[in-house]
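Please consult the sequence and structure shown here before reading the points below.

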Amino acid sequence: MSFLEINLKKLTHNYKSIRSLLEPGVKMIGVVKANAYGSAIDVIANKLVSLGIDALAVAYTNEGIALRRAGIQIPVIVFYPQVHNFKKVIEQQLEPALYSKRSWLEFIRIVKETQNSNYPIHIKYNTGLNRIGFNPIDIDWIIAELKHSPIQLKSIYSHLGASEATRPDQKTDSQIDLFEEIISKHQKNAKEKIDFHLLNTSGIFNYPNYHLDWVRTGIGLYGFANQFDWNKKLKPIATLKTTITQIHKISKGMTVGYNCGWTASNDTQIAVIPLGHADGIARHYGHGKGWVLINGKKAPMVGNICMDMTMVEIGQINCKEGSEVIVFGTKGRADDLAEDSGTISYELLSGLSSRISRKVVE
Ligand SMILES: *Cc1c(COP(=O)(O)O)cnc(C)c1O
């Protein structure tokens, strides 16, 4: 049986470790989108609240609704709320990021229609990632709108395209310069101090001078920061464990798996693991990409990953049917496993399906 063990002591460690990088007064947004990066959103969110996180953030409105259902009462920011969900955003008292004239006008219309006032929102600018955000040339329009709209401006933010790239990075520097212009123009046109933020986890490590008023940390809470030196400050919170379903002796020349995906070049043994692409072990694994740890030793994934099962070559590793298998954890890290098949920790973690049970360790 397979389960993802989630260690809350390590979450606490990561929270405190990231907090220790921030000046006092800088607020932390804990990003819990995609089931808290594939872990367990309810448990993680409640733990972060008890640790003192200042706000939580999700990608989509239904994730924010799930947080309210889990009893979360602190501010919940929705990064990509989608216009057709704005009524639900308000019903659940979620805080949307508004990112375009269309999203702005529609949200204001619904705030008025539902007779709300002073409704908390965030403004997102596109400073070069070209994903989501107002074009900075709309700044005068936004400043004018802010003067007569029934909203409370909680923050203004942007997002870097390569926060983990070695400094100096020209593209990042130009994003920072542009955001600084946005900051100063908004602040000049406001009566009160506005809160600004720019950085995700890697950015927090890489740009200590730009923590501004808030930081948004996701992957860091789960133990990864996209660079070896930064990773040392964090502990992966999740361990994916399973057990060997069956072992086969394979003679030289025999094939393993669908489409004869792998041919043994020597007499060997394979173990069958009860996790497949339906569980989130995608088909870019296999064919020697990716491994699991059995008895502390690496057993490479061979052939094509099946929907429910994966075959690994165990050779002479000391193990038997029913032995424990670590797919990733503290040793055999998820980021290394992901990179071995050309992807990143984010994709591996967030892709773990609901079929894998989650086991929380306090
Ligand atoms: C997901 C996300 C984050 C968190 O990024 P990490 O690299 O996981 O820390 C921050 N900001 C925005 C806008 C995001 O979409």
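Buried area is the accessible area (1.4 Å probe) that two parts lose on being put together, summed over both. The size of an interface is often given in this way, as accessible area lost when the parts come together. The model is predicted, with local features needing pLDDT of at least 70 and side-chain atom pairs counting only at pLDDT 80 or more, while totals for chains, interfaces and linings use all residues. Residues are numbered from 1 along each chain as its sequence is written, and side-chain values use heavy atoms, with hydrogens and water left out.

**Domains**
- The domain assignment, which is automatic or from a database, gives domain 1 (8–221) and domain 2 (238–361).
- The centres of domain 1 and domain 2, taken over C-alpha atoms, are 37 Å apart.
- Domain 1 brings 12 residues to the contact (heavy atoms within 4.5 Å) and domain 2 brings 9 residues.

**Buried area**
- About 780 Å² is buried between domain 1 and domain 2, and carbon and sulfur atoms give 58% of this area.
- On the side of domain 1, Tyr 37, Gly 38 and Ile 219 lose the most area to domain 2, together 50% of what that side buries.
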